[in-house]
Amino acid sequence: MTLPGIDIPDELVLESTDAGLELRQRSDRPGNGVRADLSGGRRGTHPLARALRGAQGVVVDATAGFGGDAGVLAALGRSVLAIERNPVLFTLLEDAHRRLALEVPTRAEAVTLRHGDARDLLSGLESPWNRAAAIVLDPMYPGRRSASALPPKPMQLLRALLRPDGAMDDVETLIASAFRTEARRVVLKRPPEAAPPEGVGKPTFSIESKLVRWDVWERG
Ligand SMILES: C[S@@+](CC[C@H](N)C(=O)[O-])C[C@H]1O[C@@H](n2cnc3c(N)ncnc32)[C@H](O)[C@@H]1O
């Protein structure tokens, strides 16, 4: 299936399956692709819970991707604004949101999707998002493991999908936009070996796991 108005690289297919809309390599079997997922995934203490501890309120996920982190935030009881600029990923997120609304309606109500570039949208957010407890950023990273610890298949698909944009998101301007808001925390998800971003000082604290480092800046 081709969705009208959505450009997609030749090697990829966006297709409806019984389980929902999926993105896959053309060479993969139908059903073997990746869907966005806002259901919150695994249980247990997620590093995002620690990153947000002590900061009450709504959260903005400015780089929603396949929705994994936005889903975790909603599962943690937060209202989440999930921003995504890529139209294919946004369409996948809309599909995930419809599925979540059928499965866990209250959870779906906690998630608001917005299509656009976070670098523009963050400066004009309305209440309650303009006073978020935190803005979470998970831009693509050029390093070896990259794409911030997504499992291999979603990571490959993201790379194939975003390659025409240079794949590497502009972390410095993204984080600068986040710092211009009144959000009380800025949370940046990076591979452990990534250098800290320039111009924003040292994070207040970091949470490290094998594949990911969460840098957290507490503000005012
Ligand atoms: C590594 S993925 C995020 C994965 C996501 N955290 C998850 O759990 O699935 C990065 C995403 O950020 C999006 N992105 C990058 N820069 C953006 C921007 N300025 N505004 C909105 N979305 C952006 C990319 O299109 C990509 O989908």
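Analyst: Let us begin with contacts: two residues are in contact if their C-beta atoms, placed from the backbone, lie within 7 Å. Among contacts in this protein between residues at least 6 apart in sequence, 65% join residues at least 24 apart. Please keep in mind that this is a predicted model, in which local features need pLDDT of at least 70 and side-chain atom pairs count only at pLDDT 80 or more, while totals for chains, interfaces and linings use all residues. Residues are numbered from 1 along each chain as its sequence is written.

User: How many helices and strands does the protein have?

Analyst: Helices (H or I, at least four residues) and strands (E, at least two) are DSSP runs, numbered from the N terminus. By that rule the protein has seven helices and nine strands. The radius of gyration, taken over C-alpha atoms, is compared with a globule rule of 2.2 Å times the number of residues to the power 0.38. Here the radius of gyration is 17 Å, close to the 17 Å that the rule gives for 220 residues, so the protein is as compact as a globular protein of that length.

User: Which strands form the open sheet, and in what order?

Analyst: Two strands pair if DSSP finds at least two bridges between them. In this protein seven strands form an open sheet in the order β5-β4-β3-β6-β7-β9-β8, with mixed pairing. Because β5 (111–115) and β8 (205–208) each have a single partner strand, they stand at the edges, and one side of each is left without a neighbour in the sheet. The twist averages 20° from one strand to the next, where axes are lines fitted to C-alpha atoms, for helices over the stretch in contact, and angles run from 0 to 180 degrees between N-to-C directions.

User: Is α2 mostly covered or uncovered?

Analyst: A residue is buried if 20 or more other C-beta atoms lie within 10 Å of its own, exposed if 12 or fewer, and partly exposed in between, with C-beta atoms placed from the backbone. For α2, eight of its eight residues are buried, so by this definition the helix is mostly covered. These buried residues, including Gly68 and Val72, pack against α1 (47–52), β3, β4, α4 (105–109), β5 and β6 (134–137). Elsewhere, Leu174 in helix α7 (residues 171–179) counts as buried because it has 22 C-beta neighbours inside 10 Å.

User: What surrounds the ligand?

Analyst: A residue is near a molecule if its C-beta atom, placed from the backbone, lies within 6 Å of it. On that basis 23 residues surround the ligand, and the closest are Thr63, Gly65, Gly68, Arg85 and Ala118. At least two residues of this shell come from each of α2 (68–75), β4 (80–84), α5 (118–121) and α6 (152–162).
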